[in-house]
Amino acid sequence: MPKTNEEVEELLGEWAELQQITGRDPYRVRAYEKAARSIGGYSKDLRELDDKGILAIPNVGKNMLGRIREYLDTGTMHELEDLREMVPAGMRELLRIPGLGPKKAILVYEQLGVTNLAELAAAAEANKLRDIKGLGAKTEESLLRGIRNYTAQEERIMVDQALQAADRIIATLSETCTFDEIAYAGSLRRMRETIGDIDILVAASEAEPIMDAFASMARVREVKAKGATKTTIVTRQGLQVDLRVVPYEAWGAALVYFTGSKAHNIKVREIAVKKGLKLSEYGLFHAKDGSIIAARTEEEVYEALGLPWIPPTMREDRGEVEAALAGTLPTPVDMTRDAVLEQRKKLKTLQKRYPKMTILHGCELNIAKDGTVDYDPEFLAGFDVLVASVHSYFRLSAEEQTARLIAAIENPLVNVIGHPSGRMIGRRPPIDMDFGAVCAAAIRTGTALEVNSFPDRLDLRDDHVRWAVEAGVTLSVDTDAHAPKHMDNIRFGIATAQRGWATKADVLNTRALKQLQEFVARKRKHA
Ligand code: DGT
Ligand code: CA
Ligand code: CA
């Protein structure tokens, strides 16, 4: 999400709350809230839009446009500044107490001079609220309960809120920084029901630019600590977020360490000690000479300890380490299969409703380190077309990477290799591979290579397209759309294919339905 949009969302949200306190009519307050949300979720940067473009954002009218323009030009909104002067700083928080709407907030302010949560709590405990006309003893009691709940809850937030915040932060960092890996760790990765603070882990060769980008995000209220490898901030919603940058080589060890839980870590470390090893966030080492055994991936670290990879959701020291040692660790439920089948059912219904159209059910599979893909062949055969792509292990040697891709290409159920080089423009270099060998395998097996249309991927890139076309590879120009608006990206994919001199005959998705189905069936014959 563009940073400016996030800033404007924050300011309009604050404006809405201040208006509530000063007794503005609720319709107007709602209008600000709605505009704030639309702008925050809008994909185009406000700074790059003209007036017409800004007015095209849902819920943004002429008045709002004026305020946004003022902010873009001057960095402030003077009416909001005026409101801030009128309303004491702590008043906004009062509205978070259940049962305390703007009317009551104004009452306690006018009659008792209450301007923040601490003063409200003190007044309620001293039974001063019940004497205010319009409040009474019952309201006082329920407010007191509300305050206690709120203060207790403030320290831990619900997992969905934490996940949403973490996703947004990861999206912001992905837009602004270069790194190898990023993930949330801690209790959020373990999916505890409430989260104390968010822990974000990044693998990169240089920590400083990432720390800087993190500390200067629009959502930051306070930078609590900023060191060489760890920065702690508090967001404007009062959420604490720790960011740690680790070397790429130690990614797995750091992920184990910072995912925890602490009790799980202690158990795992005991196993290391018994084997004469030392486990830290930097890796698993021989205790004697300090030589390294494993660190790159979680699987490698667990494996070197004689354990299978333990799903983060089980890492609570509730017997999972013992079970893993004994080989009795259950594979926990994963609902994705059911979700896929559910989706297929929906498509069948749609197909019935639109008999003239043919709906195909496809899926993008992940290519594992060894070239295998998700699910078993029987399950995969239920799809009409399958794409498989690399999403991890970007730094394998050219030999390993080529063997991995060819293994996926040779899978009779895989029809397209998605974004074959894995590059992210400006953020991640392409994987090392023998592209000639990959092309040869694609031709031999009847597998297409994708031209991914996302502007930050464009993968295959133009010169690889030309190489593939000359070799005789079939291409598939895809949007990789995750939302309807991404469909527009197709123009970049087509342009990339054109720059590589691809013709209609080279591109799978220009063909008639029957030809596509034949393309899939021909390969499946070898299953
Ligand atoms: P939270 O934030 O209260 O919901 O819970 P966690 O588990 O996210 O805890 P947090 O944020 O304090 O630390 C993140 C992870 O870092 C934790 O799960 C395990 C690891 N960790 C932190 N401190 C220690 C420690 O003193 N020893 C060990 N072994 N691990 C630690
Ligand atoms: Ca945490
Ligand atoms: Ca933490």
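Which residues in α19 meet which residues in α20? The section on that helix pair gives the list.

## Basis

This is a predicted model, where local features need pLDDT of at least 70, side-chain atom pairs count only at pLDDT 80 or more, and totals for chains, interfaces and linings use all residues. Residues are numbered from 1 along each chain as its sequence is written, chains are lettered from A and ligands numbered from 1 in the order in which they are written, and side-chain values use heavy atoms, with hydrogens and water left out.

Helices (H or I, at least four residues) and strands (E, at least two) are DSSP runs, numbered from the N terminus.

## The α19–α20 pair

In α19, the residues are T402, L405, I406, I409 and E410; in α20, they meet A437, V438, A441, A442, R444 and T445. Contact means heavy atoms within 4.5 Å. The residues of this contact divide into seven nonpolar, two polar and two charged. Here Ala, Val, Leu, Ile, Met, Phe, Trp, Tyr, Cys and Pro count as nonpolar, Asp, Glu, Lys and Arg as charged, and the others, Gly among them, as polar.

The axes of α19 (residues 398–410) and α20 (residues 435–445) come within 9 Å and cross at roughly 10°. That makes α19 roughly parallel to α20 (angles under 35 degrees count as roughly parallel, over 145 as roughly antiparallel, 65 to 115 as roughly perpendicular and the rest as oblique). Axes are lines fitted to C-alpha atoms, for helices over the stretch in contact, and angles run from 0 to 180 degrees between N-to-C directions.

## Nonpolar cores

The largest nonpolar core has 47 residues. Such a core is a set of buried Ala, Val, Leu, Ile, Met, Phe, Trp, Tyr and Cys residues joined through side-chain atoms within 4.5 Å. Buried means under 20% relative accessible area, exposed over 50%, partly exposed in between (1.4 Å probe, protein chains only). L12, L46, I68 and L129 touch the most other members. Elements giving two or more residues include α1 (3–21), α2 (26–40) and α9 (136–154). α1 gives the most, with seven residues.

L129 touches V108, L112, L120, A123, A124, L135, G136, E140 and L143, not counting residues up to four places away in sequence. A second, separate core of 37 residues includes I367, V414, A497 and V507.

## The five-stranded sheet

Five strands form an open, mixed sheet in the order β2-β4-β7-β6-β5. Two strands pair if DSSP finds at least two bridges between them. β2 (181–184) and β5 (220–226) stand at the edges, each with a single partner strand, so one side of each is left without a neighbour in the sheet. The twist averages 20° from one strand to the next.

β2 and β4 (residues 198–203) run antiparallel, joined by four bridges. E181 stands opposite A203 in β4. Helix α10 (residues 159–176) lies across β2, β4 and β7 (240–246), running at about 165° to β2.

## Buried strand β12

Five of the five residues of β12 (residues 385–389) are buried, so this strand is largely enclosed by the rest of the structure. V385, V387 and S389 point one way; L386 and A388 point the other.

Five bridges join β11 (residues 362–366) to β12, in parallel. Three bridges join β12 to β13 (residues 416–418), also parallel.

## Helix α13

Eight of the nine residues of α13 (residues 251–259) are buried. Among them are W251, L255 and F258. Just after α13, G260 takes a positive phi of about 70°.
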